[in-house]
Amino acid sequence: MTDDSPKLVLEGVHKSFGDKQVLNGIDLAIDDHEVVCLIGPSGCGKSTLLRCVDLLDPIDAGSILLDGVDITRKGVDANEVRRRIGIVFQSFNLFPHMSVLDNVTLGPRRALGVRKAEAEANAMELLERFGLADKADEYPNRISGGQNQRAAVVRALMGDPDVLLLDEITSALDPELVGEVLSVIRGLAERGLTMVLATHEMGFARDVATTVSFLHEGRVLESAPPAELFADPRFERTQQFLRRVSEAGRL
Amino acid sequence: MAEPGRSGSEPVELTERPEEEQPPRGRLLASVSGFFAEEGARAVVVAMVSTIVFFGVAIALVVSSPNWPKLKSQFFSAEDFSASFPDVLRGFWLNIELFFWAMLVIPVMAMLVAVMRSLRGPAFFPFRLLAVVFTDLFRGIPLYLLIVLLGFGLPALDLGGLPNGVKFWGIAALALSYSAYTAEIYRSGIDAVPESQRSSARALGLTQWQALRFAILPQAVRNVVPALMNTVVSLQKDVALISVLGIRDAVREAEIYTSRTFNYTSYVVATLLFLLISVPLTRFVDWFTGRDRSMRSQSQV
Ligand SMILES: Nc1ncnc2c1ncn2[C@@H]1O[C@H](COP(=O)(O)OP(=O)(O)OP(=O)(O)O)[C@@H](O)[C@H]1O
Ligand SMILES: [Mg+2]
């Protein structure tokens, strides 16, 4: 592996649910420190793609390489891979029976065997950074959606992942809470964390992405820097999609 | 769009934070007095009068029946009550003991079965199969038959190494049957935890077992506490079925007394003893379930 080889590579990734072909040969290469935004109509497979990368769903064909190593091969320890990849889902998936602090330290303590005191010290540092230090002992249903989602980001960051996957993490939020979560992501982008995010927030994608990839019918139809893709999409499909989005007032 | 594998519904918020809210005892009192609270003093008087009238009429009807004196001497005789009481009570302690052992075994065995059944992946197929066979079998056999089969059958086989006591097999029958039911209760609790919770746990790098242990099971058990407690009430009564094995429990003692004296008061003694445990237990379950429900609706922000 050389330094300039991509961090994450998807080659011909196929995935179907029953008869339904959801991913139909996804090719994607993501460099270190890149922020890739996946856009596309609802149902085009963005969530499925992210879940496959985190090995939460098995793929049918193709391969996914992390640091040049195929993580979809037989015999790869999926738990090991998942520890190197963080993921945050659309709806808050903090564990409701645990305090924020316990949620955030569960992974390091159980999966990585970090001692409790150490895990909690690390957690408090991160919670502090994300403005959640005073919520550490609260339970998820006692804090706002935005705070939940920020806590979920902290939880995903605890293992110091190589790549962070974010699946429409603001779409379940009240509009006034979207900003606080997006600014957290912006901060992570500035720190150079490699991220792949599925989003409907085109403004945000334009702002934070290094590359925007448009998914259509289970393939990456086109990928380009945001300025280029939003201003001058090459494909008719992309244009149509962007036009619809801008009519809906989301651009 | 929801994530795959979830039918679009938001995860049910199941958390509760009881500590700060009200001490349980305060809540119990509040809920008892709450029975009347809204209507005030007049309502209390109305309720009392109508209760007295209702039960008064009912009792008067029974007592005025021409057969009442005979019935009274056969079922409610004071002498027979005190004569049979010590033996029946001693038998009842045995019921309590059996109940106690069953209560130790059932939660553990049931959890084991439920966990085996919810493991995923082809490697765990034999475990899942075993769990399915277990629940189908022991839920399918009437408890009474199971007690007879195990209690009379297995000791007769005289298998080396296994205890021969009728008591042991009686408890085993209860434990197997109730574990099968309880495992299904646990499983329904596990199934009610949104799939996304499992994904979240796995995404942290937890193994399948760790995800169950730390993320899924605590929520699952919380989901089904009321159902579990109802099972306890019903177990407490079903313990009496063991008397069929000739074990001298409360029911058996009552039977012995009756066959000696042709008086049924001993059965009433046994009935009262069972009620003494099961009524408070049922009240407690009701109170707890109500509290649980109100706390959940509070936490639904
Ligand atoms: N577990 C599953 N079983 C069956 N079908 C599924 C499953 N998960 C996803 N699908 C289907 O796969 C397709 C792609 O779903 P996916 O959630 O990846 O889309 P998406 O691009 O994330 O959409 P959205 O923008 O609405 O979130 C959809 O048609 C969906 O119905
Ligand atoms: Mg999605």
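1. Before the sheet, one convention: two strands count as paired if DSSP finds at least two bridges between them. This is a predicted model, and in chain A 6 strands form an open sheet, in the order S6-S7-S8-S3-S9-S10. The pairing is mixed.

2. On to the edges. Strands S6 (85-88) and S10 (219-224) of chain A each have a single partner strand, so one side of each is left without a neighbour in the sheet. From one strand to the next, the twist averages 20 degrees.

3. For a look inside the sheet, take S3 (residues 35-39) and S9 (residues 211-216) of chain A: the two pair in the parallel sense, over 4 bridges.

4. Which helices lie across S3 and S9 of chain A? One is H1 (residues 46-53) of chain A, which also lies across S6, S7 (163-167) and S8 (194-198) and runs at about 150 degrees to S7(A). Another is H9 (residues 236-247) of chain A, which lies across S10 as well and runs at about 100 degrees to S9(A).

5. Most residues other than glycine have a negative phi. His33(A), not a glycine, has a positive phi of about 70 degrees; you'll find His33(A) in the loop between S2 (20-30) and S3 of chain A. Glu217(A) is not a glycine either, and its phi is positive at about 50 degrees. Glu217(A) sits in the loop between S9 and S10 of chain A.

6. Is Glu217(A) buried or exposed? Its relative accessible area is 58%, and the cut-off for exposed is over 50%, so Glu217(A) counts as exposed.

7. Now for Asp70(A), in strand S5 (residues 69-70) of chain A. Asp70(A) is buried, yet has no salt bridge. How far away is the nearest side chain of opposite charge? That side chain belongs to Arg73(A), and the distance is 5.7 Å.

8. What does the side chain of Asp70(A) have, then? A polar contact of 2.7 Å joins it to the side chain of Thr72(A). Setting aside neighbours within four places in sequence, Asp70(A) is in contact with Ser63(A), Ile64(A), Leu65(A) and Val76(A).

Technical notes: Residues are numbered from 1 along each chain as its sequence is written. Chains are lettered from A and ligands numbered from 1 in the order in which they are written. This is a predicted model: local features need pLDDT of at least 70, side-chain atom pairs count only at pLDDT 80 or more; totals for chains, interfaces and linings use all residues. Side-chain values use heavy atoms; hydrogens and water are left out. Buried means under 20% relative accessible area, exposed over 50%, partly exposed in between (1.4 Å probe, protein chains only). Lys and Arg count as positive and Asp and Glu as negative; His and the chain ends are not counted. A salt bridge is a side-chain nitrogen of Lys or Arg within 4 Å of a carboxyl oxygen of Asp or Glu. A polar contact is a pair of N or O atoms within 3.5 Å; within protein, one must be able to donate a hydrogen and the other to accept it, and residues adjacent in sequence count only if both atoms are side-chain atoms. Contact means heavy atoms within 4.5 Å. Axes are lines fitted to C-alpha atoms, for helices over the stretch in contact, and angles run from 0 to 180 degrees between N-to-C directions.
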